[in-house]
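Biologist: Please walk me through this model. Keep the answers brief.

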Amino acid sequence: MIFGGFDTTRNQLGLAMQTFLSHPDQWRLLAQRPELGAKAVEEVMRVNPTTRWVTREVIEDFEYEGVLLKAGTTVHLYAESAGTDPRVFTPGFDITAERKPHFGFGGGVHYCLGHFVARADMSEALPLLARRMRNPHELPGATWLPDSGNTGPNTLPIGFTPGA
Ligand code: HEM
């Protein structure tokens, strides 16, 4: 519970900052409309999930879209690729868009047990940061976890104009 719930939310907030740094118009919108916090969380997790994949083991042979998966095979399910599949999602980053669900919290019986906590924390944190950190821009010196398993920034220096 501690590891599952601590690093994930922290990393996901760092990835949210990374995403919004490339979308300043969306950051300004979030500052103006804090009620978009919950949707911002979903949109960030769709395009930039901290949990890049979840792993399963095939328990019986089956075929999926012409690919035979044999029992005993380890399968990595890529949340980022699923969330940005152009056959399902219109390209772009838009915190007002209505989207299908993403897989940033996994899926099925092992769906994240702490998702209500994580969603509540981040949907409060992001609008607050957007209001207080105006015109954010990345400064040199960011360090990153590997782009694998659970990822995110170890440090992400950001310059900004203080807001109210
Ligand atoms: C942004 C934050 C979070 C992300 C991205 C996240 C992501 C995930 C994912 C992808 C899974 C599914 C793993 C799998 O199917 O193999 C999972 C499971 C789990 N998460 Fe989270 N999580 C977050 C926050 C939390 C929090 C805050 C808690 C606890 C308070 C938590 C507790 C758990 C637990 C206990 C499981 C295992 C559920 C099971 O196996 O049935 N997570 N999480």
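Modeller: A residue is buried when under 20% of its relative area is accessible. Keep in mind that the model is predicted.

Biologist: Which residues of helix H2 are buried?
Modeller: H2 spans residues 24–32. With the under 20% cut-off, the buried residues in H2 are Gln26, Trp27, Leu30 and Ala31.

Biologist: Why do the buried residues of H2 line one face of the helix?
Modeller: An α-helix has 3.6 residues a turn, so residues three or four places apart point the same way. Seen down the H2 axis, the buried residues fall within one arc, so they line one face; that arc is 145 degrees.

Biologist: Which strand is among the elements that cover the buried residues of H2?
Modeller: The cover includes helices H1 (2–21), H3 (37–47) and H5. It also includes a strand, E5 (133–138).

Biologist: How many strands does the protein chain have?
Modeller: From the N terminus, the order is α-α-α-β-β-β-β-α-α-β-β-β-β. The chain has 5 helices, and its strands come to 8.

Biologist: How far apart do the centres of the positive and negative side chains lie?
Modeller: The chain has 15 positive and 18 negative side chains. The centres of the two sets are separated by 7 Å.

Terms used
Residues numbered from 1 in each chain as written. Predicted model: local features only at pLDDT ≥ 70, side-chain atom pairs only at ≥ 80, totals over all residues. Heavy atoms only, no water. Helix = DSSP H or I, 4+ residues; strand = E, 2+ residues; numbered from the N terminus. Lys, Arg positive; Asp, Glu negative; His and termini not counted. Charge placed at Lys NZ, Arg CZ, Asp CG, Glu CD. Buried < 20%, exposed > 50% of the residue type's maximum accessible area, 1.4 Å probe, protein only. Arc of directions from axis to C-beta. Contact = heavy atoms within 4.5 Å.
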